[in-house]
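Hi,

Here is the structure I promised to pass on. Have a look first, and my notes follow below.

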Amino acid sequence: METFDYVIIGAGSAGSVLTNRLSEDAAVTVCVLEAGPSDWHPYIHLPAGFIKTFHMKSVNWAYQQEVGPYTGGRSIYAPRGKTLGGSSSINGHIYNRGQRQDFDTWAQLGNRGWGYPDVLPYFRRMERRIGEGDDTY
Ligand SMILES: Cc1cc2nc3c(=O)[nH]c(=O)nc-3n(C[C@H](O)[C@H](O)[C@H](O)COP(=O)(O)OP(=O)(O)OC[C@H]3O[C@@H](n4cnc5c(N)ncnc54)[C@H](O)[C@@H]3O)c2cc1C
């Protein structure tokens, strides 16, 4: 039986990044298990194609939420990616930072390392800033 140092369940946004990082070390073996098919579909690779994949059950779990008091008794449709790339393969490609107060509240609740000053360097590292002005943020 084949064995691995790490087994990652789901090749979505988090699983793919984790796999990429772990497999940088050639001495480490990583197995990624993805429930969905490959991401070959043209609508995954067209920027506006997510409108089409929104209800496409071949690459979308297409969940229906439970009825609950917070949704006024309604069952809300909840798309989730089921393909290589996970939900990032069927998402809207919109990028924005999370709200400062959300991060700070999570840190205050005991999640050390998740405050806005902690995550700010990571935001800055993955963004390319264009133009003049205050570089703090
Ligand atoms: C329609 C839509 C539009 C969105 N638009 C945006 C946007 O514009 N901007 C933005 O920032 N975010 C957007 N998001 C949110 C963003 O895509 C998700 O928050 C993010 O991709 C979640 O990453 P994840 O790794 O937590 O999960 P996912 O990327 O969903 O990955 C989970 C993976 O695990 C797999 N899996 C599940 N169970 C199993 C199992 N038992 N065995 C093997 N594999 C399994 C799934 O098939 C999936 O591939 C959108 C999401 C959706 C659905």
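**Around the ligand**

A backbone N or O atom of Thr-83 sits 3.3 Å from an oxygen atom of the ligand, which counts as a polar contact (a pair of N or O atoms within 3.5 Å). Before you go on: this is a predicted model, where local features need pLDDT of at least 70, side-chain atom pairs count only at pLDDT 80 or more, and totals for chains, interfaces and linings use all residues. Residues are numbered from 1 along each chain as its sequence is written, and side-chain values use heavy atoms, with hydrogens and water left out.

The side chain of Ser-13 has an N or O atom 2.7 Å from a ligand oxygen, and a polar backbone atom of Ile-94 is 2.7 Å from a ligand nitrogen. On its own the ligand has 1000 Å² of accessible area (Shrake-Rupley method, 1.4 Å probe), and the protein covers 65% of that.

The shell holds 24 residues, each with a heavy atom within 4 Å of the ligand. They split into 9 nonpolar, 12 polar and 3 charged, with Gly counted as polar and Tyr as nonpolar.

Where does the ligand lie? Because domain 1 (1–33) and domain 2 (37–94) both give residues to the shell, the ligand lies between them. These bounds come from an automatic or database domain assignment.

**Elsewhere in the chain**

Helix H5 (residues 116–126; a DSSP run of H or I, at least four residues) gives 6 residues to the lining of the largest pocket, the largest share. Among the lining residues are Phe-103, Trp-114 and Tyr-122.

Cheers

Technical notes: A polar contact is a pair of N or O atoms within 3.5 Å; within protein, one must be able to donate a hydrogen and the other to accept it, and residues adjacent in sequence count only if both atoms are side-chain atoms. On a 1 Å grid over the protein atoms alone, a cavity is a set of points where a 1.4 Å probe fits but cannot get out, and a pocket is an open set with protein on both sides within 12 Å along at least five of seven lines; lining residues have an atom within 4 Å of a point. Helices (H or I, at least four residues) and strands (E, at least two) are DSSP runs, numbered from the N terminus.
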